[in-house]
Amino acid sequence: MRFGNLIEKIRDRLVHRSLVGKRKLDRTATRRALDGALRDLGERFRELVRAGRMEVPAELAGPMQQVRNLEERLDAHQKEITALEEEQPSTKQPRTT
């Protein structure tokens, strides 16, 4: 095998691997865009349900309850964080023995 052929094969292989990597990045970006679109769709649906403009189909009752439970947990976490941030640390100095 000639040295020139070897270099050409290596170059072709690098170009091919680069294309594979690019497609994987494209796939990841598209997945993130899809996740965002689904999140937006879910939020809009939830708002329509809250406003009484849509009914929750029976098939979605479980997931809707899960969302409500998670929202309540998130609110509870935020209240705990706010309370902790508002607490004043003790001004007493620790005793040294």
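This is a predicted model: local features need pLDDT of at least 70, side-chain atom pairs count only at pLDDT 80 or more; totals for chains, interfaces and linings use all residues.
Reader: Why is phenylalanine 3 called exposed?

Author: Phenylalanine 3 has a relative accessibility of 64%. The term exposed requires a value over 50%, and phenylalanine 3 therefore counts as exposed. Its place is in helix 1, which covers residues 3-50.

Reader: What makes the nonpolar surface patch?

Author: The patch is made by Phe3, Leu6, Ile7, Ile10 and Leu14, and its area is about 510 Å². Nonpolar side chains are joined into a patch within 5 Å, provided that each residue has over 30% relative accessible area and no salt bridge. Phenylalanine 3, at 64%, is over that limit.

Reader: How do you know that arginine 11 and aspartate 12 form a salt bridge?

Author: The closest N and O atoms of arginine 11 and aspartate 12 are 3.0 Å apart. A salt bridge requires a side-chain nitrogen of Lys or Arg within 4 Å of a carboxyl oxygen of Asp or Glu, so this pair qualifies. The whole structure holds seven salt bridges.

Reader: Why are arginine 11 and aspartate 12 called partly exposed?

Author: Arginine 11 has a relative accessibility of 47%, and aspartate 12 has one of 37%. Buried means under 20% and exposed means over 50%, with partly exposed in between. Both values fall in between, and therefore both residues count as partly exposed. Arginine 17, in helix 1, is likewise partly exposed, at 45%.

Reader: What makes the link between arginine 46 and glutamate 71 a salt bridge, and where do the two residues lie?

Author: The closest N and O atoms of arginine 46 and glutamate 71 are 2.5 Å apart, and the cut-off is 4 Å. The pair is therefore a salt bridge. Arginine 46 lies in helix 1 and glutamate 71 in helix 2, 25 residues apart, and the pair links distant parts of the chain.

Reader: How do you know that arginine 50 also forms a salt bridge with glutamate 71?

Author: The closest N and O atoms of arginine 50 and glutamate 71 are 2.9 Å apart, a value within the 4 Å limit. Arginine 50 is in helix 1 and glutamate 71 is in helix 2, so this pair ties together parts 21 residues apart in sequence. A network of salt bridges links Arg46, Glu47, Arg50 and Glu71.

Reader: Why is arginine 50 called exposed rather than partly exposed?

Author: The relative accessible area of arginine 50 is 52%. Exposed applies over 50%, and arginine 50 therefore receives that term. Arginine 44, found in helix 1, is exposed as well, with a value of 63%. Between the C-alpha atoms of arginine 44 and glutamine 66 there are 17 Å in space, and the two residues are 22 apart in sequence.

Reader: What makes up the lining of the largest pocket, and which elements give two or more residues to it?

Author: The lining consists of Arg39, Gly42, Glu43, Phe45, Arg46, Leu60, Pro63, Met64, Gln66, Val67 and Leu70. Helix 1 and helix 2 are the elements that give two or more residues. The volume of the largest pocket is about 260 Å³.

Reader: How do the residues of this lining divide into nonpolar, polar and charged?

Author: Six are nonpolar, two polar and three charged.

Reader: Why is serine 90 called exposed, and where is its place?

Author: Serine 90 has a relative accessible area of 60%; the term requires over 50%, and serine 90 is therefore exposed. Its place is in the segment after helix 2 (61-86). The C-alpha atoms of serine 90 and valine 15 are separated by 63 Å, and the residues are 75 apart along the chain.

Notes: Residues are numbered from 1 along each chain as its sequence is written. Side-chain values use heavy atoms; hydrogens and water are left out. Patches are made of residues with over 30% relative accessible area and no salt bridge: like charges are joined within 9 Å, nonpolar side chains (Val, Leu, Ile, Met, Phe, Trp, Tyr) within 5 Å. Accessible areas come from the Shrake-Rupley method with a 1.4 Å probe; for residues, only the protein chains shown count as cover. Helices (H or I, at least four residues) and strands (E, at least two) are DSSP runs, numbered from the N terminus. Buried means under 20% relative accessible area, exposed over 50%, partly exposed in between (1.4 Å probe, protein chains only). On a 1 Å grid over the protein atoms alone, a cavity is a set of points where a 1.4 Å probe fits but cannot get out, and a pocket is an open set with protein on both sides within 12 Å along at least five of seven lines; lining residues have an atom within 4 Å of a point. Grid points are joined across faces, edges and corners, and a volume is the space filled by probe spheres set on the points. Ala, Val, Leu, Ile, Met, Phe, Trp, Tyr, Cys and Pro count as nonpolar, Asp, Glu, Lys and Arg as charged, and the others, Gly among them, as polar.
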